[in-house]
Amino acid sequence: MSGFIYVLKDPQTKAIRYVGQTTSQLPKRLREHIATAKRGAKWHNANWIRELLANDLRPIIELVEEAEIDKLNIREEYWIE
């Protein structure tokens, strides 16, 4: 089984704001990020997502790599660097 390394990008600047991993489909993972932000999570990216939503914007989620599940942590660290 495999999973995905993805990035969240600013819809205006296209700058990468977050690197993550998931075994879910990317649209579902984006919905989860948005739901977490709406629930008032205190992490930095939740604040950023709330700011986007207040301006009728959403982050862009983009696949950067598909990897075997046992390699996801290593590959996520690679992309964060």
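Two strands pair if DSSP finds at least two bridges between them. Helices (H or I, at least four residues) and strands (E, at least two) are DSSP runs, numbered from the N terminus. The model described here is predicted: local features need pLDDT of at least 70, side-chain atom pairs count only at pLDDT 80 or more, and totals for chains, interfaces and linings use all residues. Residues are numbered from 1 along each chain as its sequence is written, and side-chain values use heavy atoms, with hydrogens and water left out.

Strand S1 (residues 2-9) pairs with S3 in the antiparallel sense over 8 bridges. Along this pairing, Ser2 stands opposite Glu68, and Lys9 has Ile60 as its bridge partner. S1 also pairs with S2, again antiparallel, over 6 bridges; here Leu8 stands opposite Tyr18. A hairpin is formed by S1 and S2, with 6 residues between them, and Lys14 in the turn has a positive phi of about 65 degrees.

Together the 3 strands make an open antiparallel sheet in the order S2-S1-S3. Strands S2 (16-22) and S3 (60-68) are at the edges with a single partner strand each, so one side of each has no neighbour in the sheet.

Helix H1 (residues 26-38) lies across S1, S2 and S3 and runs at about 50 degrees to S1. Helix H2 (residues 44-54) packs on the sheet, touching S1 and S2 (contact means heavy atoms within 4.5 Å), and its direction makes about 115 degrees with that of S2.

A nonpolar core is a set of buried Ala, Val, Leu, Ile, Met, Phe, Trp, Tyr and Cys residues joined through side-chain atoms within 4.5 Å. The largest has 13 residues, and those touching the most other members include Tyr6, Leu30, Trp48 and Ile49. S1, H1 and H2 each supply at least two residues of this core. A second, separate core of 5 residues includes Ile5, Val7, Ala67 and Leu72.

Glu76 is found in helix H3 (residues 72-80). Beyond four places in sequence, Glu76 touches Ile5, Val19, Gly20 and Gln21.

Methods: Axes are lines fitted to C-alpha atoms, for helices over the stretch in contact, and angles run from 0 to 180 degrees between N-to-C directions. Buried means under 20% relative accessible area, exposed over 50%, partly exposed in between (1.4 Å probe, protein chains only).
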